[in-house]
Amino acid sequence: MSDEGCVFCKIVKGEIEAEILRDEDGVLAFRDINGRAPVHVLVIPKEHISSLAEVGNVPDGVAKRIFEVAQGVAEGEGIAESGYAFRINNGPDAGQEVFHLHAHVMGGERVRMP
Ligand code: 5GP
Ligand code: ZN
């Protein structure tokens, strides 16, 4: 189910352009529009889930697929060996801006918290 007005649902539906790297088994990976590392990709479930607070709604298998797609993106981008951060911001104190669950895959340089 998609959510009216959700920017990532619009990317899933092709209503907003994005540089899509992977599209498989309910999961989409695309470049962050405002990349903050040489490689900065977002990995999302295609189904609208607002945040980790709704993890119970993530379909069976999709969470594992998000990890697999993240690792696949890292391999494809040549950063699997140099390393990368896999990060999910959840709620206000983490600075979550888009309320459609997404994991940031960041690498190509030293990336540290926060
Ligand atoms: P958050 O802070 O919610 O974890 O991260 C949201 C991310 O989504 C930000 O890094 C932001 O640059 C990215 N973003 C927001 N709108 C768009 C968009 O329309 N297209 C793409 N590709 N990324 C977006
Ligand atoms: Zn959405």
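Visitor: Which helix gives the most to the shell around ligand 1?
Guide: Welcome! This is a predicted model, where local features need pLDDT of at least 70, side-chain atom pairs count only at pLDDT 80 or more, and totals for chains, interfaces and linings use all residues. Residues are numbered from 1 along each chain as its sequence is written, chains are lettered from A and ligands numbered from 1 in the order written, and side-chain values use heavy atoms, leaving out hydrogens and water. Helices are DSSP runs of H or I with at least four residues, strands runs of E with at least two, numbered from the N terminus. With three residues, the top contributor is α1.

Visitor: How far is an oxygen atom of ligand 1 from an N or O atom in the side chain of Asp32?
Guide: Asp32 is among the residues that come nearest, where near means a heavy atom within 4 Å. For His102, the distance from its side-chain N or O atom to a ligand 1 oxygen is 2.7 Å. For the side chain of Asp32, the value is 2.4 Å.

Visitor: Is His48 buried or exposed?
Guide: His48 lies in the loop between β3 (39-45) and α2 (62-77). Its relative accessible area is 17%. Buried means under 20%, exposed over 50% and partly exposed in between, with a 1.4 Å probe and protein chains only. Therefore His48 is buried.

Visitor: Which side chain is joined to that of His48 by a polar contact of 3.3 Å?
Guide: A polar contact here is a pair of N or O atoms within 3.5 Å, one able to donate a hydrogen and the other to accept it; residues adjacent in sequence count only if both atoms are side-chain atoms. The His48 side chain makes one with Asp3 at 3.5 Å. At 3.3 Å, the partner is His100.
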